[in-house]
Amino acid sequence: MDCKIASIPNLRDHSLFFVIPIRNIISLSHPFRPRTRNRRINDSPIEQVRLTVPIADDPKTPCLTFRTWVLGIMACASLALLNQFFGYRQNPISVSSVIAQILVLPAGKFMEASLPTKSYRGRSTYRVPGTKWSFSLNPGPFNLKEHVLITIIANAGSNRVYAVGIITTVKAFYHRRIHLMAAMMLTQSTQLLGFGWAGIFRKFLVDSPYMWWPANLVQVSLFRALHEVEIRRKGGVTRLQFFVLVLISSFAYYVHSVTAQQIGSGVGGLGIGSFAVDWSTVAGFLGSPLATPGFAILNTTVGFFMILYVLIPIAYWSNQFDARKFPIVSAHVFDDKGQNYDVKRVLNSTTFEFNEEGYNGYSKVHLSIFFAYTYGLSFAILAATLSHVALFYGSTIWQQTRAAFDDNFGDVHTRIMKKNYEAVPQWWFYTLLILITALGMVACEGFGKQLQLPYWGILFAMGLAFIFTLPIGVITATTNQQPGLNVITELIIGYMYPGRPLANMVFKNYGFVSIAQAITFLSDFKLGHYMKIPPKSMFIAQLVGTLIASTVYFGTAWWLLTSIPHICDPSKLPIGSPWTCPGDDISYNASIIWGLVGPLRIFGRLGFYYGMNYFFLIGLFAPFIVWTFSRLFPKQQWIKLINVPIILSGTGGMPAAKAVNFVCWITVGLVFNFIVYRRYKGWWARYNYILSGGLDAGVAFMAILCYFTLQSKDILGPIWWGLKLSDHCTLASCPTAPGIEVKGCPVFP
């Protein structure tokens with residue numbers, strides 16, 4: 001059966017990518033253990049880095065030029081506007097910085113050719129009045145380092161601003177007012193807080209050659225393809241030619257298929273036998289499998305099949321937690337009659353807090369079986385991550401930490417950076433951290449305390465961020481998978497400060513989201529490290545880009561929320577209106593579960609899902625089994641590749657992502673990271689990351705073209721079977737328990 005996903009949504013709230021660093025599947029050597037503590041490494045110890053990243057550098061190359069600022073600011077603002085605009089639509093599209101990475105190259109070349117090389121009265125530079133600063137409009141050929149910095153600034157505009165989701169939930173779902181300045185200060189403070197954590201831990205996560213950040217290799221490959229002069233081999237193509245071919249092919253595919261095609265029933269159910277033939281389905285939710293290490297894909301595959309095709313069917317058809325009263329896969333909350341939960345009956349409209357009397361006279365909160373187990377598995381993943389890291393890598397991480405303090409990391413890239421460029425002073429980061437903390441305090445304690453979270457909540461959230469940034473950074477830097485503290489932060493504040501939905505979301509923002517921002521900053525620092533960008537230039541570019549992006553995201557959201565009637569409410573919107581806010585709908589339901597009703601009445605002793613707490617114990621002790629077998633059979637190296645946290649996170653991203661997304665992602669990932677890598681390593685080294693970037697670019701260009709030429713004029717294209725965002729399996733979301741009546745579904749006797 002042909003099925004279709006017509007967009008590339010952002011990775012949404014309940015995506016749970018908990019993975020941990022394991023042995024490199026290529027060489028079975030530890031990915032970040034220093035070979036000899038006092039021995040300098042001539043090149044990177046990571047094979048993929050040696051195959052991709054150049055070791056040459058010219059420290060005299062200009063970086064923060066006039067062209068950098070003009071193109072960077074324009075790209076950043078444009079991406080922020082587009083992503084927030086698309087984010088509220090039924091078919092949300094995430095426009096990545098790869099678009100800017102491609103478009104700014106001809107723009108930079110045009111500025112190189114057209115801007116004067118000398119300024120007024122023959123002087124080569126302009127001097128800023130009253131300062132010692134000067135700049136040139138055209139310092140010479142448009143170079144690689146300018147291009148990298150422009151992309152770094154633009155990248156801030158491609159990353160979702162979670163605080164905007166809080167504002168949307170309050171205004172569009174709860175229909176409450178929020179002060180403009182409180183909302184703006186919340187947005188800026190939560191986006192910038194990650195700079196502090198990035199500054200504290202950059203020595204461990206950027207300077208260390210064993211923290212290799214796999215996703216950055218896609219960018220490095222694309223930059224090299226766009227700038228390096230390459231002689232085409234007879235019968236072959238250069239990397240740039242290959243990229244253009246892939247981009248055109250990816251772009252042209254959507255002309256013929258109109259929107260993303262899917263083959264199989266993978267949207268509303270389990271997706272057995274589902275598959276899709278387009279890149280947006282493969283990488284739209286889960287990122288590029290071409291940039292994900294093979295060991296992570298292999299463990300994810302095992303977990304996906306065990307959870308979705310064994311655990312969930314058994315739980316549903318045995319009617320655990322009255323599962324058959326509700327859809328098998330859904331992110332919504334329900335009452336005991338199988339209907340959508342009526343939040344107004346348990347919310348005090350005056351105080352915006354929990355109404356216990358109304359709750360006692362109504363119903364407990366119920367979840368779909370998949371959503372319930374998603375939270376249970378998230379408990380297990382957190383515990384398993386701690387025990388697995390302690391068992392397998394505790395001593396190694398301790399050695400690495402000591403080595404970092406001793407400044408013993410010395411691969412070729414780190415040596416070049418330390419020799420040629422001055423590091424960013426630590427006081428820059430500390431000062432920013434103090435200022436942003438103060439800004440957050442004002443936002444929460446001022447303006448009538450609309451944000452509900454007291455000052456101690458911010459400090460506590462920051463404490464969690466400080467503790468978890470380093471281990472999460474290690475995981476992300478070695479596996480390309482980023483753990484998240486979204487559920488655990490919701491759980492903690494839900495118990496400590498229950499009945500306040502907004503406080504719960506704000507606490508999660510200062511805890512979980514600030515870590516995510518820190519990881520983004522660190523990843524960009526590592527990209528700059530690979531491309532030999534001066535650290536101070538990187539810091540300034542990131543700071544400016546973040547300020548611009550958060551401002552544009554906020555302004556766009558505020559404009560849409562105040563100008564589109566009934567935005568995010570499909571029951572009141574005109575038929576066919578695209579402004580349904582699917583991602584923010586998940587955030588809204590999470591605020592009900594963890595903030596309004598609270599974990600005590602859902603997962604605690606007063607709740608229906610108390611049994612899910614046993615997953616903490618399951619996750620804590622499961623790695624001991626693998627560790628024990630690895631000690632009993634030390635020659636069986638494959639045992640050490642079994643990774644419990646990755647397996648438990650096999651369905652991370654669902655229910656926002658669908659089964660078909662996982663099937664396609666796993667298939668492509670296994671083919672390229674095992675078959676192609678092993679049999680055609682030369683081709684893999686030359687074209688793998690270029691292929692990933694080209695496919696991303698083709699999809700994004702077509703999405704933008706379709707919107708501005710057709711969808712913005714309410715032209716959806718030719719009417720043909722497969723066009724709608726559906727797998728044509730509408731009964732997949734129906735309950736099967738006897739006597740439960742839901743509109744559009746059969747009633748079972």
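I began with Y455, which I found in helix α15, taking helices as DSSP runs of H or I with at least four residues, numbered from the N terminus. I note that this is a predicted model, in which local features need pLDDT of at least 70, side-chain atom pairs count only at pLDDT 80 or more, and totals for chains, interfaces and linings use all residues. Residues are numbered from 1 along each chain as its sequence is written, and side-chain values use heavy atoms, with hydrogens and water left out.

**Surface patch**

I looked up the exposure of Y455 and recorded it as partly exposed because its relative accessible area is 46%; the classes are buried under 20%, exposed over 50% and partly exposed in between, with a 1.4 Å probe and protein chains only. Y455 belongs to a nonpolar surface patch with W456, L459, F460, Y495 and M496, which together have about 580 Å² of accessible area. Such a patch takes residues with over 30% relative accessible area and no salt bridge, and joins nonpolar side chains (Val, Leu, Ile, Met, Phe, Trp, Tyr) within 5 Å; a salt bridge here is a side-chain nitrogen of Lys or Arg within 4 Å of a carboxyl oxygen of Asp or Glu. The areas come from the Shrake-Rupley method. I saw that α15 (455-479) and α16 (486-496) each supply at least two residues of the patch, and that α15 gives the most, with four.

**Helix α5**

I then checked the length of α5 (residues 162-173): its twelve residues should span 16 Å at 1.5 Å a residue, and its end C-alpha atoms are 16 Å apart, which agrees; the expected span is 1.5 Å times one less than the number of residues. Eleven of the twelve residues of α5 are buried, including Y162, G165 and F173. Among the elements covering them I listed α2 (66-87), α6 (180-205) and α17 (501-531), with contact meaning heavy atoms within 4.5 Å. H175 follows α5 and has a positive phi, near 55°.

**T151**

In helix α4 (residues 144-158) I looked at T151, which counts as buried at 2% relative accessibility. Leaving aside residues up to four places away in sequence, T151 touches S97, Q101, Q219 and F223.

**Cysteines**

I looked for disulfides, meaning cysteine sulfur atoms within 2.5 Å, and found that C568 is joined to C581 with S to S 2.0 Å. The torsion about their S-S bond is about -65°, so I noted the disulfide as left-handed. Both C568 and C581 are buried. C63 is buried at a relative accessible area of 8%, and C444 is buried at 1%.

Key. Patches are made of residues with over 30% relative accessible area and no salt bridge: like charges are joined within 9 Å, nonpolar side chains (Val, Leu, Ile, Met, Phe, Trp, Tyr) within 5 Å. Accessible areas come from the Shrake-Rupley method with a 1.4 Å probe; for residues, only the protein chains shown count as cover.
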